[in-house]
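Please open the model in your viewer and keep the selection tool at hand.

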Amino acid sequence: NLGYAGRKGEEEKFLESLKLSLEYCQATGARLLHIMSGFKQDNVSEAEVKETMLKNLKLAIPLLEEKGVTGLLEPINKNSIPNYNMDNYELALQIIKELNHPNLRLQLDIFHLQQIQGNLTKSIEHLLPFAEHIQIAQVPERGEPDSKGEIDYTYVFDVLRKLEYKGWIGLEYKPSDGTMEGLKWIEQYGFNL
């Protein structure tokens, strides 16, 4: 179901899932939690999804705050997961701005950003002030950043440096030749593990 945060009538499932997820966060020391909005429901508009998410997240924020965890909203492109509620950045930003709480931020996945709206430089500049975590993968095959594809990650990393991003960058890609081979690009871009 890919979460419950935006699913009308499933508010109890959302809270149960959140509480269990926060237990895992406590056990592992995780401080960031992707809060998933679930699949779209028949006859439920985006406005109703937003309203449901606002209600659920208002209840979630005190729980996140108590555990020292930041909840992350991540828009996911329609090619990777069709019919997912959180499929655009405008919805995520509206919710984050309206709730205006440090324990609710954006998870900025460059793979999804390219497919949802492109215009990476301006999009990153606009979205980065609301982001707590970045993820990367090449488009369209979800490979390593140095693999062939639509995104010039040398340029993207330069943009992130220029904007002084200091957070983590998650590697959410499918290595073409195994995990260790799939990490060789890191030194080429001036990073280390």
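Begin by selecting Thr52, which lies in helix α2, residues 46-67, of what is a predicted model. Thr52 counts as buried, because its relative accessibility of 6% falls under the 20% cut-off. If residues up to four places away in sequence are left out, the neighbours to display around Thr52 are Ala5, Gly6, Arg7, Lys8 and Glu11.

Now select Glu132 and Arg105, whose side chains meet in a salt bridge at 3.1 Å, N to O. This pair links distant parts of the chain, since Glu132 sits in strand β4 (residues 131-136) and Arg105 in strand β3 (residues 104-109), 27 residues apart. Glu132 counts as partly exposed at 32% relative accessibility, whereas Arg105, at 18%, counts as buried.

Move on to helix α6, residues 153-162, where Arg161 and Asp158 are separated by about one helical turn because they are three residues apart; their side chains form a salt bridge of 3.2 Å, N to O.

For a network of salt bridges, select Lys40, Lys78 and Asp87; the whole structure holds 14 salt bridges.

Finish in the largest nonpolar core, which has 54 residues and in which Ile110 is among those with the most contacts. Beyond its neighbours within four places in sequence, Ile110 is in contact with residues including Leu120, Ile124, Ile136 and Tyr153.

Notes
Residues are numbered from 1 along each chain as its sequence is written. This is a predicted model: local features need pLDDT of at least 70, side-chain atom pairs count only at pLDDT 80 or more; totals for chains, interfaces and linings use all residues. Side-chain values use heavy atoms; hydrogens and water are left out. A nonpolar core is a set of buried Ala, Val, Leu, Ile, Met, Phe, Trp, Tyr and Cys residues joined through side-chain atoms within 4.5 Å. Buried means under 20% relative accessible area, exposed over 50%, partly exposed in between (1.4 Å probe, protein chains only). Contact means heavy atoms within 4.5 Å. Helices (H or I, at least four residues) and strands (E, at least two) are DSSP runs, numbered from the N terminus. A salt bridge is a side-chain nitrogen of Lys or Arg within 4 Å of a carboxyl oxygen of Asp or Glu.
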